[in-house]
Amino acid sequence: MSEHPTAELDDVVHQRHRLGILTVTSEAKRVEFGYLKSTLDLTPGNLSRHVSVLEVAGLVCVEKGYEGKRPRTWVSITAAGRKALAREMVALRALLDRHDER
Amino acid sequence: MAEPDAAGLLDELNSLRRRARIARHGYWLPSVVIGLLTLGAIPFYRPVDESCPPGVRSCSLPYRGTGFDVPGLGKVDLLRVFNSGNLFPLASPLALGLYWVLVLLVGLGATVWWYRWRAVRAGVETSTGAYVRVTLGGLVVVLGIALVGGLMTEIAPYFHFGYEGNLLASAVFLALPVGLAILSDKEVTRTRWYRIALIVGFSLAVLLGAVVVNKTGGLMLFAAGLLVLAWLERSPLCAVVALGYTGFTLLANVSYMGTLYYRLGWRPDSRLDTVFSAKDVLLPGAIALVGGLVALVAGRVRR
C-alpha cells in the first residue's frame, strides 16, 4: 500500500507563511526583511518567528547589516532549503494528483 | 491536509514566485546600456582613406594591424577578435579594439552596480555572479585566442567549415561559456566533473574562437552576457532580446549582414561608408536598445 502524500510533508516547511518565505527567497539571491513583510502581509514579530524557525533548521541564512545608517536584514535560501522546498512542492502536487484521480 | 487546500496553497505559492520574479526584474538598464555601447562603436569603424596623395597615381595603403611578433608563438594580436576581418580596412583598428575592451568592462561594472542599487531599493536581489563570470571568462578566452591564433595561422585553413559549419561552430563557441556560467551558480561547481568541464570548455572555446571568430568578439561577449542575464531574470522579453542580439551576432560573424541589408533594400552611398562599415553592430545594438526601452515601459505600465 503506497504511503499517503501527506507523509512526505515536513512540519518545519509545511506552514503557509514559512512556505511563502522559502518560495520568495528561492526566486532571488537574497530578499530584504521589509520586502518579505509586505509581500507576505505579516507583522515584523510574526515574520521574525518564522524566519528563526527556518534559520535554526538550516533552510535560510540571515545577514544583518546597514545601508548607510539604516539597518537592513537580508534573508537567503540555503541549498538545504531549496531541496526541502522542492520536496514539499512534489508532495503537494502528489496530493493534488491523488485528488484528481478520484 | 485536504487536497483543495493543496491546490489553493500551490496557487498562492506560484503567485508569490511570479511577484518576486517581477519585483527583481532589472534587465532594462543593462540592455539599454549594451545597446548604446554597441552602437557607440560605429565611429570606430571609419574606413581608411584609400585615396593617394595629390599627384601620385598609385600607392599602397599602409597596413595598420594590432598584432606583434612573439618568438615561439608567431603573430600575437590581442585585439584580433575585435577588429580583424572587416569588409573595409579600418582607419584605426587599435582604437576599435581598445573601445570594445573598455566598453565590455564598463558594461560589466554598470550592470553589477545597477543590480546592487536596485536590490537596496526593491528589497530583492538578482545574483550577478554568473554574468560577471561569463564576461571575465570571455575576456580570458579572448586572451587565449590571441596566444593560440598565431600558432594556428598555419593550420587554420584546414579547418574551413563552410558557411553553415562556421555558423554552427560560432554558436558552439558562444554556448560553451554561457552554459558553464549558468552552471557556476549551482551546487555542481563543487564536483570534479565541473572542473573538468571548465578546462575542456575553455580549451575548446579558445580553439574554436581562433578558427571561426573574427571582428565580432565584442558582440559575442555582450551576447553571452545577455543570454546569461536572460537566464538569471527568467524573463521571456529578456530572452527575446538576448536571442535576437545573438542571432545577428552569429550572422555578422559569418559576414552575412551585407547580404541581409541588400535583401532588405539598403544600398548606402559613399556618404554612409562608416555606417556601412559598422553594419555588423547596427541590428544587435538596435535590438538591445529597443528591447531595453520596451522592458522599461512595460515595467512602468505593470506598476
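Modeller: Two residues are in contact when heavy atoms of theirs lie within 4.5 Å. The model discussed here is predicted.

Colleague: Among contacts in chain A between residues at least 6 apart in sequence, what percentage join residues at least 24 apart?

Modeller: Chain A has 4 helices and 3 strands, and these follow the pattern α-β-α-α-β-β-α along the sequence. For contacts in chain A, the count takes residues at least 6 apart in sequence, and the share of these contacts that join residues at least 24 apart is 55%.

Colleague: What percentage of the residues of chain A count as buried?

Modeller: A residue is buried when its relative accessible area is under 20%. The accessible surface of chain A comes to about 5,700 Å², with 50% belonging to carbon and sulfur atoms. Of the 102 residues of chain A, the buried share is 44%.

Colleague: What is the area buried between chain B and chain A?

Modeller: The size of an interface is often given as the accessible area lost when the parts come together. The contact takes 29 residues from chain A and 24 residues from chain B. Carbon and sulfur atoms give 63% of the area buried between these chains, which is about 2,500 Å².

Colleague: Which element gives the most to the side of chain B that touches chain A?

Modeller: Across the interface of chain B and chain A there are 8 residue pairs in polar contact. The elements of chain B that give two or more residues to the side touching chain A are α1 (3-24), α4 (93-122) and β3 (124-125). With 14 residues, the element that gives the most is α1(B).

Colleague: With which residue does Glu125(B) form a salt bridge?

Modeller: The rule finds 5 salt bridges across the interface of chain B and chain A. In the one formed by Glu125(B), the closest N and O atoms are 3.6 Å apart, and the partner is Lys29(A).

Colleague: Which residues make the nonpolar surface patch of about 330 Å²?

Modeller: One member, Phe68(B), is in strand β1 (residues 68-70) of chain B. Phe68(B) is partly exposed, with a relative accessible area of 41%, so it passes the requirement of over 30% for patch residues. The patch is made by Phe68(B), Leu78(B), Leu143(B) and Leu147(B).

Key: Residues numbered from 1 in each chain as written. Chains lettered and ligands numbered in written order. Predicted model: local features only at pLDDT ≥ 70, side-chain atom pairs only at ≥ 80, totals over all residues. Heavy atoms only, no water. Patch = residues over 30% accessible without salt bridge, like charges linked within 9 Å, V, L, I, M, F, W, Y side chains within 5 Å. Areas by Shrake-Rupley, 256 points an atom, 1.4 Å probe, with all protein chains shown as cover. Salt bridge = Lys/Arg side-chain N within 4 Å of Asp/Glu carboxyl O. Buried < 20%, exposed > 50% of the residue type's maximum accessible area, 1.4 Å probe, protein only. Buried area = accessible area lost by both parts, 1.4 Å probe. Polar contact = N/O pair within 3.5 Å; in protein donor to acceptor, adjacent residues only side chain to side chain.
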